[in-house]
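Subject: Structure handover

Hello,

Here is the structure for you to look over. My notes follow below it.

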Amino acid sequence: MQPEHVTHFYRWIADPEVIEYSLSAFQTMTTAAQIDAWFARTLRDDSSLNRGIFTTDTQELIGYAGISGISRLNQSGEYFIFIGEKAHWGRGVGTEATKQVLALGFTELHLNRIMLTVSEPNVGGVKAYAKAGFKLEGRLREACLRNGQFHDKLIMSVLKAEW
């Protein structure tokens, strides 16, 4: 991703449906300045792998994915994905992006374990992660508050030997 890609996030973060199961930070960003500051930090973050998700035909940015909190010592990190363009939801984009990021994590970053947390009501996300090889490890009970209701977060991971 490049600094000019921040403008896509203005629209995405302003859409409650798009950010419903995303970063808690997205729930509180309301100004372009807040989004600009977050995006600049994201691009500079040396402990994360951040990659844009682009369409193959038009090279339009439709989201981003990567691995955060990379621990070289423990050879582990936490996977994340955000697809902002709703027209691309449910089309296998999440599964494909997940597979590509896992490949980078295991081959280029030499990680042994990549984990994630996913909101239990995010059925599409849970299915995409399972298709990409993630296995359910456990749950964080009522760990997320959205729309005035608590829901569980599922913990999933994939090991290099399973990949």
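Helix 5 and helix 6 cross with a right-handed sense. Bear in mind that this is a predicted model. The two axes come within 9 Å, and the crossing angle is roughly 40 degrees. Helix 5 and helix 6 are therefore oblique to each other. On the helix 5 side, the contact uses Gly94, Thr95, Thr98 and Lys99. On the helix 6 side, Ala128, Tyr129 and Lys131 meet them. By class, that contact has 2 nonpolar, 3 polar and 2 charged residues.

Helix 5 in detail

Helix 5 covers residues 93-108, which is 16 residues. How far apart are its end C-alpha atoms? They are 22 Å apart.

The buried residues of helix 5 are Val93, Gly94, Thr95, Ala97, Thr98, Val101, Leu102, Gly105 and Phe106. What covers the buried residues of helix 5? The cover includes strand 1 (49-54), strand 2 (61-71), strand 3 (76-83) and strand 4 (113-119). It also includes helix 6 (123-131) and strand 6 (149-159).

After helix 5 comes His110. His110 sits in the loop between helix 5 and strand 4. Its phi is near 55 degrees, a positive value in a residue other than glycine. His110 has a relative accessible area of 49%, so it is partly exposed.

Glu142 lies in strand 5 (residues 135-146). Is Glu142 buried or exposed? With 53% relative accessibility, Glu142 counts as exposed.

Helix 1 against helix 4

Helix 1 (residues 6-13) packs with helix 4 (residues 32-44) at an angle of about 125 degrees. Their axes are 10 Å apart. That angle makes helix 1 oblique to helix 4. The crossing is right-handed. Helix 1 contributes Val6, Phe9, Tyr10 and Ile13 to the contact. Helix 4 contributes Ala32, Ile35, Asp36, Trp38 and Phe39. The residues of this contact divide into 8 nonpolar, no polar and 1 charged.

Phe39 lies in helix 4. At 2% relative accessibility, Phe39 counts as buried. Which residues touch Phe39, leaving aside neighbours within four places in sequence? They are Met1, Gln2, Pro3, His5, Val6 and Phe9. Val6 and Phe9 are also named in the helix 1 side of the packing contact. Phe39 and Asn74 are 35 residues apart in sequence, and their C-alpha atoms are 27 Å apart in space.

Thr42 is another residue in helix 4. Its relative accessibility is 11%, so Thr42 counts as buried. Leaving aside neighbours within four places in sequence, Thr42 is in contact with Asn50 and Tyr64.

Phe54 lies in strand 1. At 30% relative accessibility, Phe54 counts as partly exposed. Beyond its neighbours within four places in sequence, Phe54 is in contact with His5, Gln59, Glu60 and Leu61. His5 is also a contact of Phe39. From Phe54 to Thr28 is 26 residues in sequence and 26 Å in space, C-alpha to C-alpha.

His88 is in the loop between strand 3 and helix 5. It has a relative accessible area of 18%. Why does His88 count as buried? The cut-off for buried is under 20%, and His88 is buried because its relative accessible area is 18%. Setting aside neighbours within four places in sequence, His88 is in contact with Thr55, Glu60, Ile62, Ile83 and Val93. His88 and Gly63 are 25 residues apart in sequence and 9.6 Å apart in space, C-alpha to C-alpha.

Best regards

Methods. Residues numbered from 1 in each chain as written. Predicted model: local features only at pLDDT ≥ 70, side-chain atom pairs only at ≥ 80, totals over all residues. Heavy atoms only, no water. Helix = DSSP H or I, 4+ residues; strand = E, 2+ residues; numbered from the N terminus. Expected span 1.5 Å × (residues − 1). Buried < 20%, exposed > 50% of the residue type's maximum accessible area, 1.4 Å probe, protein only. Contact = heavy atoms within 4.5 Å. Axes fitted to C-alpha atoms, helices over the stretch in contact; angles between N-to-C directions. Parallel < 35°, antiparallel > 145°, perpendicular 65-115°, else oblique. Left-handed = near helix turned anticlockwise from the far one by under 90°. Nonpolar A, V, L, I, M, F, W, Y, C, P; charged D, E, K, R; others polar.
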